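The following note sets out numbered points for a colleague examining this structure.

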Amino acid sequence: MSQTLETAPPPVERTAEPPRKSLLTILLERPEIGAFVAAVAIFVFFFAVAPPFRSLAAFSTVLYDSSTIGIMAVGVALLMIGGEFDLSAGVAVITAALTAAMLSYELSLNLWVGAIVALALALTIGFANGWLVMKTGIPSFLVTLSTFFMLQGINLGVTKLLTGTVATTNVSNMDGFDTLRTIFASSPFSIGGFTLRITVVWWLFFVALATWLLIRTRVGNWIFAVGGNAASARAVGVPVKAVKIGLFMGVGSLAWFYGMHRLYAFSTVQSGEGVGNEFLYIIAAVVGGCLLTGGYGSPVGAAIGAFIFGMTRQGIVYAGWDPSWYRFFLGAMLLIAVVVNLYVRQYASSRKVPTK
Amino acid sequence: MTETVTTPTPAGDATGAPLIEMTDVGKAYGAVRALEGINVRVDAGEITCVLGDNGAGKSTLIKIMAGLHQHSEGTVRVDGEEVRFDSPRQALEKGIATVYQDLAVVGLMEVWRNFFLGSEKRKRFGPFNALDSNAMRKTAKEELSKMGIELADLNQPIGTLSGGQRQCVAIARAVYFGARVLILDEPTAALGVKQSGVVLKYVAKAREAGLGVVFITHNPHHAYMVGDHFVVLKLGRMSLDAHREEITLEDLTALMAGGDELETLAHELQRSGVASADVVKEIEAVEHPHDRPQGTQA
């Protein structure tokens with residue numbers, strides 16, 4: 001060992017170089033870090049206490065459950081980064097699914113027609129939410145709370161009116177069903193012994209797309225700006241209204257997508273469902289590091305947030321506990337996430353890099 | 001002024017039309033008249049200082065120039081051509097850039113993203129247009145060092161910079177994006193003495209670069225240090241319009257301190273026993289300055 005001492009490198013001179021951030025600082029500056037640590041801890045926890053959780057099949061189920069929250073969480077996270085809320089996101093999913101099913105059935109149309117009309121409707125709901133928020137200046141919390149109740153009423157009312165029950169008729173024998181099912185809810189396929197559901201693939205695709213959009217495009221820059229400081233954004237020429245309305249429509253289109261999954265996975269839609277899910281999406285985004293005040297967050301974080309809920313929802317079942325505890329966990333997780341994010345962000349943004 | 005030729009002189013003529021010329025401009029918000037009879041011109045390579053107390057109409061004036069508000073009376077000409085801006089973007093297209101008091105920066109976003117916000121550089125990425133973040137980082141660094149601002153890390157959120165640094169980034173941004181007129185809304189209001197000095201240096205630099213600068217302030221000392229032309233607003237009207245050689249710092253200070261109103265107030269306070277006779281004398285000395293000027297920083 002004595003000879004290696006002589007070749008020890010001289011102290012690095014980096015006075016001319018910008019001071020390098022430590023790995024810890026870089027990690028702590030990521031919005032996802034809190035959620036990531038929590039996800040690892042929860043995974044280890046259920047791995048330890050619930051033997052059935054350890055199988056690959058269980059992991060596949062967890063991923064599928066996560067994707068059903070995660071797809072919507074992508075749109076909701078972008079919207080939150082843009083500084084707005086959408087409480088109607090949960091029931092809008094059902095509105096889209098009901099529209100597609102009942103329109104095609106009642107008018108004996110190809111299911112594709114129903115799907116396209118449902119997409120148009122979902123985009124219109126998103127547009128209406130965004131336009132009202134922009135036009136009136138009323139907080140999106142209130143505007144979308146109104147939409148939430150209206151859609152909930154429409155979902156039940158129209159379904160009862162048309163079918164006489166609270167669910168749509170089974171559409172599995174209609175034209176276009178097989179193709180649409182392949183797209184939105186194809187049967188699980190196996191990759192190297194691991195069973196994968198199509199929604200997981202779509203989920204990862206949407207997360208990647210949203211991340212690229214946010215980090216690498218002009219629109220992404222604008223989303224951060226309208227959420228961080230809408231007045232400043234407007235002053236430098238960012239089309240604030242268009243960006244925000246676009247984000248609401250993004251949530252609408254994902255609501256349609258997930259609605260299609262529900263329709264083609266179960267062939268029928270229960271009109272009273274979806275209520276409460278809007279909070280799951282928002283909590284996933286917040287746990288993933290999105291700031292409630294906007295301007296900060298990441299779709300990857302929201303994905304980790306959704307994964308945490310998928311793990312817990314299934315983990316509690318695998319552990320043989322009363323699933324009621326899942327709700328308690330949901331609330332506790334949100335509270336912890338908000339507090340942790342607050343401190344992490346203060347720590348990260350208060351570290352001034354010295355200037356020359 | 002009645003004989004002034006109204007036909008617009010061709011732009012680009014060095015001695016021709018001013019960059020911005022406001023004639024009898026007024027603005028009413030419903031029944032409230034915020035501005036009335038404003039005549040201001042902004043020339044290239046000149047700093048026009050607009051001074052006034054809170055509520056004097058300074059903000060309204062610059063909002064009209066910047067395209068955030070529309071004037072309800074009079075005419076605004078840019079390069080001799082009458083304009084009426086519907087949005088800040090239209091003003092920007094004419095080369096009128098505004099650096100607001102709140103700087104129009106987004107605190108949580110990186111310095112380079114803020115620098116290019118609203119005018120991002122893009123490059124083809126397959127069928128899409130993606131941000132050219134490397135070029136933007138490089139350009140932002142170059143432009144900032146041209147203005148003498150050296151930041152170690154352009155990836156830090158702009159909210160972590162000091163007030164003076166943020167102000168300078170905002171000015172550098174406006175200059176880079178081809179501003180011909182730079183409107184600065186109270187750039188030194190929230191700053192300490194040293195940082196104010198740094199900002200005033202960049203204001204002077206912008207003039208040297210040939211820009212027309214509109215410098216809004218309520219600090220006559222800062223205005224007098226760099227200004228070529230001074231406009232004082234009072235209750236939405238112009239109470240002074242003078243070139244540098246026509247006015248002294250003492251005059252400007254007295255005018256800004258409130259002049260007659262302040263003296264009247266002092267006498268009133270004396271009568272009601274709040275202020276002593278000494279205070280009134282002191283105030284009179286400021287208003288009729290024959291010895292040293294008194295600081296009037298807010």
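**Note on the two-chain model**

1. The contact between the chains takes 24 residues from chain A and 28 residues from chain B, where two residues are in contact if their C-beta atoms, placed from the backbone, lie within 7 Å. On the side of chain A that touches chain B, helix H10 (218-228) and helix H11 (230-235) each supply at least two residues. The largest share of that side, five residues, comes from H10(A). By class, the side of chain A has 11 nonpolar, nine polar and four charged residues; Ala, Val, Leu, Ile, Met, Phe, Trp, Tyr, Cys and Pro count as nonpolar, Asp, Glu, Lys and Arg as charged, and the others, Gly among them, as polar.

2. This is a predicted model, in which local features need pLDDT of at least 70 and side-chain atom pairs count only at pLDDT 80 or more, while totals for chains, interfaces and linings use all residues. Residues are numbered from 1 along each chain as its sequence is written, and chains are lettered from A and ligands numbered from 1 in the order in which they are written.

3. The secondary structure of chain B comes to 10 helices and 12 strands; helices (H or I, at least four residues) and strands (E, at least two) are DSSP runs, numbered from the N terminus. Of the 298 residues in chain B, 43% are buried, a residue being buried if 20 or more other C-beta atoms lie within 10 Å of its own, with C-beta atoms placed from the backbone. Among contacts in chain B with a separation of 6 or more, 67% join residues 24 or more positions apart.

4. The largest nonpolar core has 175 residues, of which Ala73(A) and Leu182(B) touch the most other members; such a core is a set of buried Ala, Val, Leu, Ile, Met, Phe, Trp, Tyr and Cys residues joined through C-beta atoms within 7 Å. Helix H12 (residues 240-266) of chain A gives the most to this core, with 15 residues. Not counting residues up to four places away in sequence, the residues that Leu182(B) touches include Ala97(B), Val99(B), Ile171(B) and Val213(B).

5. In chain A, helix H6 (residues 111-136) and H12(A) pack at an angle of about 145 degrees, with their axes 7 Å apart. Axes are lines fitted to C-alpha atoms, for helices over the stretch in contact, and angles run from 0 to 180 degrees between N-to-C directions. The contact of H6(A) with H12(A) has 17 nonpolar, six polar and two charged residues.

6. Chain B has an open sheet of six strands in the order E6-E9-E10-E3-E11-E12, with mixed pairing; two strands pair if DSSP finds at least two bridges between them. Strand E6 (96-99) and strand E12 (237-243) of chain B each have a single partner strand, so one side of each is left without a neighbour in the sheet. E6(B) runs parallel to strand E9 (residues 181-185) of chain B, joined by four bridges, and Ile96(B) stands opposite Val181(B) in E9(B). Helix H6 (residues 193-208) of chain B lies across strand E3 (47-52), E9 and strand E10 (212-217) of chain B, at about 155 degrees to E10(B).

7. A further open sheet in chain B has four strands in the order E2-E1-E4-E5, with antiparallel pairing. Its edges are strand E2 (32-42) and strand E5 (81-83) of chain B. Seven bridges join strand E1 (residues 20-29) of chain B to E2(B), and Lys27(B) stands opposite Leu35(B) in E2(B).

Key:
Buried ≥ 20, exposed ≤ 12 C-beta atoms within 10 Å, placed from the backbone.
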